[in-house]
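Colleague: I am new to this structure. Could you walk me through it?

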Amino acid sequence: MSYWWKAEMGAKKKIWFWVIVTLQVIFVLKMVHDTYFNDRWATRYNVRSRETVVKNINYALESNDFSGTALVIRNHKVLLHKGYGQQNASRKNGVDTLYNIASIEKSMTSVMVAKLIQEGKLDYATKLAEFYPSIPNAKNITIRNMLTMTSGLEAASDPEKTLSEKALANYYAKHVVVDPRKGWDYDAINFHLLAGIITQLTHQSYSASFNTLVNLKNQVNVMVMPDFSNPQVAVSYHKNGQPFANPRYVYRNEIGTGSFFMTAGDLYRYFSALVNGEILPMKTIKELFKTVPHSVYAGGVYHNKLYYRGHGILQGYEPSIIFNKKAGNAVVLLGNRRGKTTTMKRPIVFIHWSIKLHI
């Protein structure tokens, strides 16, 4: 084997090495672009006309068999507010239909915690052990850890019968697994326990605490528990169109994490009031929304440089909301039947596709 042949083979290997490296770099850069820069593209996208946008959104929702209410806000003005699909067997969904907001309720729990911190009854550094000392590692878990889902707490099981609010929090305190190595890990047990802490400090029920602590000038309407005899409450459906049984204990046991029912309009008004300092001072909101390393979740919502996002799923209900920093532009989708794809992605698509975000 000649020296020149060996040299040629070595050169070819180097060429292939750099080709592979280049392709890998291009792949990584594309991932970074898709993940981080699409939001910036959204701010440059030009919206044509209101009619075109509404037609596009209608097509997207109807082609996905969306059942629920859609609300689209641009520059603080309503672009679209409409019901799709059936509220129940005899009535269509409308703008006044009430839906379960599922995990988006965690924002309300977070705000009540922030209010108690503002009043000096609690601190972000307060340890869980002050309220539930029997939980393993509770002396090292802070309120901030729970608000950002970085506590390492995980529910070992969920109750299968109706429990009082106090009994519910105590149930989770006894049925918990703790792994401090987990880092960010989404588990509703954090907010079940936060709801228990709130009621211990206020000496009121969760709903009464909400009314006391979240004192809005323009009050939003919240149904605390589902009353399916109420003509405005949407029945939830499986994908095949069969209604859920919706046993009462399901919602009773979601106090603090998914017991509220709201309209799309009221849910938007709540978040608009929140991010504009009508519930808490802006300094307090900024502190509540402070994320920690390796987590984009804080205060009940997911955080992006351009917008906030909330999402939930419970018994066929699937609420999604996305809004910019002042809620001047927003998309709310409250659904009562799971469609072909999750509603979590659709609000982001609409923001990118049809709304200019002004930070």
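Colleague: How many bridges join strand β10 to strand β11?

Modeller: First, a caution: this is a predicted model. β10 covers residues 318-324 and β11 covers residues 330-337. The two run antiparallel. Glu318, for instance, has Gly335 in β11 as its bridge partner. The number of bridges joining β10 to β11 is six.

Colleague: Which are the edge strands of the open sheet?

Modeller: The sheet has seven strands with antiparallel pairing. Their order is β2-β1-β11-β10-β9-β8-β7. An edge strand here pairs on one side only. That gives β2 (77-84) and β7 (297-298).

Colleague: At about what angle to β11 does helix α9 run?

Modeller: Helix α9 spans residues 264-275. The helix lies across β1, β2, β8, β9, β10 and β11. Its angle to β11 is about 140°.

Colleague: How many residues of the largest nonpolar core come from α9?

Modeller: That core has 82 residues. Leu128, Leu193, Leu267 and Tyr270 touch the most other members. Leu267 has contacts beyond its sequence neighbours, including Ile101, Met108, Ile321 and Val332. The largest share of the core comes from α9: eight residues.

Colleague: How many residues are in the second, separate core?

Modeller: Among its members are Leu61 and Phe66. Ile322 and Val331 belong to this core too. Its residue count is 15.

Colleague: Is Lys174 buried or exposed?

Modeller: Lys174 is found in helix α5, residues 165-174. Its relative accessibility is 69%. The cut-off for exposed is over 50%. Therefore Lys174 counts as exposed.

Terms used
Residues numbered from 1 in each chain as written. Predicted model: local features only at pLDDT ≥ 70, side-chain atom pairs only at ≥ 80, totals over all residues. Heavy atoms only, no water. Pairing = 2+ DSSP bridges. Helix = DSSP H or I, 4+ residues; strand = E, 2+ residues; numbered from the N terminus. Contact = heavy atoms within 4.5 Å. Axes fitted to C-alpha atoms, helices over the stretch in contact; angles between N-to-C directions. Buried < 20%, exposed > 50% of the residue type's maximum accessible area, 1.4 Å probe, protein only. Core = buried A, V, L, I, M, F, W, Y, C linked by side-chain atoms within 4.5 Å. Lists of a residue's contacts leave out its neighbours within four places in sequence.
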